[in-house]
Amino acid sequence: MEPGWSNLLALFAGVARLTWANLLIIAVGGLLIYLAIAREYEPVLLIPIGAGAILANIPGAGMGVDVRAIMAGEQTEGVLYTLYKAGIETELFPLLLFIGIGAMTDFGPLLSNPRMVLLGAAGQFGIFGVLLLALATGRFTLHEAASIGIIGAIDGPTSIFVASKLAPHLLAPIAVCAYTYMSLVPIIQPPIMRLLTTARERSVRMPYAERPAGRRVRILFPIIVTLLTGFLAPQASPLIGVLMFGNLMRESGVVDRLVKAAGNEIANVTTVFLGLTIGATMVGEAFANVETLIILVLGVLAFALDTAAGVLFGKLLYVATRGKFNPLIGAAGISAFPMAARVVNRAGLEADYDNFLLMHAMGANTAGQVASVLAGGIVLALLMR
Amino acid sequence: MPGTILSVAVAAGQAVEVGEVVCVLEAMKMKNPIRATQTGIVAEVMAQPGRTVAYGDLLVRLS
């Protein structure tokens with residue numbers, strides 16, 4: 001063959017190495033980008049993840065991050081691997097994001113109605129329920145099952161934090177689940193909420209606290225939570241600590257510049273890198289397999305269990321308060337903020353157009369946020385001995 | 001519920017049906033339509049766009 005011809009063939013070497021799994025994931029990447037643009041499902045995350053997934057499946061481009069191969073000691077290079085090493089392996093990215101989340105979260109509704117903490121705890125039921133289910137399939141080890149259960153926290157950074165410690169090879173499906181399901185809150189939750197409550201329960205009105213939480217309480221809250229959770233579950237300290245640090249900056253009222261930087265610039269830059277890197281872990285056969293499918297199903301279950309447990313706990317409060325508590329609010333005890341609270345508010349308005357549950361639901365929702373991080377820490381504390 | 005009035009849909013003297021939107025309240029970045037709880041004539045509109053309101057504040061008085 002002429003030397004010129006073999007050079008020409010070398011141009012198509014990548015095409016020749018393309019597998020069906022590569023093509024499938026490129027299609028999935030395209031689907032995520034479509035959902036982000038056409039349906040506006042969490043576009044801030046799904047566009048970087050979708051783009052990362054497409055890049056990672058171009059053979060020979062060196063953009064993929066095959067975590068299984070890395071764990072097996074295989075040499076990996078490339079720009080997205082550099083980001084992976086810098087931000088995911090070190091757990092830096094989820095922690096940077098949490099500073100911003102803390103800076104943007106208003107714990108006021110929770111502080112003026114502290115019993116909402118109970119609902120935040122009930123909303124974590126899916127974590128432990130799915131952990132057991134995943135073990136029951138017989139395909140996963142305890143560490144893997146716990147990482148899958150954490151999808152029930154419905155919290156992207158927490159899922160990544162826990163999975164990168166316990167089962168990094170499952171990071172891709174777990175992170176993709178956690179982030180895409182977050183955007184499915186308005187679809188998955190309402191049928192479960194309707195199924196478990198009566199129209200009468202849904203139309204319970206709840207009065208608002210006359211006095212909002214004072215400044216001193218708001219400032220002391222992040223400090224006390226950091227110390228308490230630190231002593232209780234030190235493994236949760238990195239996550240809770242930075243979350244509360246962000247919130248302390250917000251409530252201090254004197255570092256407006258830092259609060260804006262944490263909530264905007266730092267969180268945005270981190271989101272771009274985190275999304276791209278997570279997308280890049282969806283490499284060929286390492287991602288397109290039966291395990292991923294099972295994880296996708298278990299993830300939905302975790303979510304449904306959280307919602308059901310929250311609503312059922314809400315019903316318990318309904319009985320305990322003799323009909324003064326609206327059980328719908330239980331569904332907001334998850335981390336997906338503020339989607340879950342909005343869904344609850346909407347469901348309340350459907351039952352009675354003059355019944356605004358938003359602030360109560362926000363209280364439960366912020367409690368769910370802290371509780372999910374804490375649950376992640378507890379899982380780590382129990383397993384990493 | 002505390003929030004900010006985004007827009008007011010009625011004026012004094014106007015007749016409203018029960019369930020009709022009288023104003024829109026923004027709370028927690030969410031737009032909440034506030035609807036009339038009874039049929040009647042708008043006697044007075046206290047709600048003003050851009051104004052922050054607290055729980056229990058009167059927005060529109062019907063007669």
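1. Over how many bridges do strand β1 and strand β3 of chain B pair, and in which sense? In this predicted model, strand β1 (residues 3-8) and strand β3 (residues 21-27) of chain B are joined by four bridges, in the antiparallel sense. Two residue pairs can be looked up in the structure: Thr4(B) has Glu26(B) in β3(B) as its bridge partner, and Val8(B) stands opposite Cys23(B) in β3(B).

2. Strand β1(B) also pairs with β6(B), here through two bridges and again with the strands running antiparallel. On this side, Gly3(B) has Val53(B) in β6(B) as its bridge partner.

3. These strands belong to an open sheet of four strands in chain B, with the order β4-β3-β1-β6 and antiparallel pairing. The edges are held by β4 (30-35) and β6 (52-53) of chain B; each has a single partner strand, so one side of each has no neighbour in the sheet.

4. Strand β2 (residues 15-16) of chain B is joined to β5(B) by two bridges, and the two run antiparallel; Ala15(B) stands opposite Ile41(B) in β5(B). Strand β7 (residues 60-62) of chain B is joined to β5(B) by three bridges, also antiparallel, and Val42(B) has Leu62(B) in β7(B) as its bridge partner. Strand β5(B) is hardly covered: of its six residues, the count of buried ones is zero.

5. Turning to the cores, the largest nonpolar core has 123 residues. Those with the most contacts inside this core are Val130(A), Ile148(A), Ile174(A), Ala340(A) and Val344(A). Helix α22 (residues 358-383) of chain A gives the largest share of the core, 13 residues. A second, separate core has eight residues, among them Val22(B), Cys23(B), Ile34(B) and Val53(B). Of these, Cys23(B) is the residue opposite Val8(B), and Val53(B) is the bridge partner of Gly3(B).

6. Which residues does Val344(A) contact, leaving aside its neighbours within four places in sequence? They are Leu328(A), Ile329(A), Ala331(A), Ala332(A), Leu357(A) and Ala361(A).

7. One helix pair in chain A can be described in detail. The axes of helix α10 (residues 125-136) and helix α20 (residues 290-320) of chain A come within 7 Å, and they cross at roughly 140 degrees.

8. Finally, the contact between the chains. How many residues does each chain bring? Chain A gives 10 residues and chain B gives nine residues. On the side of chain A that touches chain B, α21 (339-351) and α22 of chain A each supply at least two residues. The largest share of that side, three residues, comes from α22(A).

Key: Residues numbered from 1 in each chain as written. Chains lettered and ligands numbered in written order. Predicted model: local features only at pLDDT ≥ 70, side-chain atom pairs only at ≥ 80, totals over all residues. Core = buried A, V, L, I, M, F, W, Y, C linked by C-beta atoms within 7 Å. Buried ≥ 20, exposed ≤ 12 C-beta atoms within 10 Å, placed from the backbone. Contact = placed C-beta atoms within 7 Å. Pairing = 2+ DSSP bridges. Axes fitted to C-alpha atoms, helices over the stretch in contact; angles between N-to-C directions.
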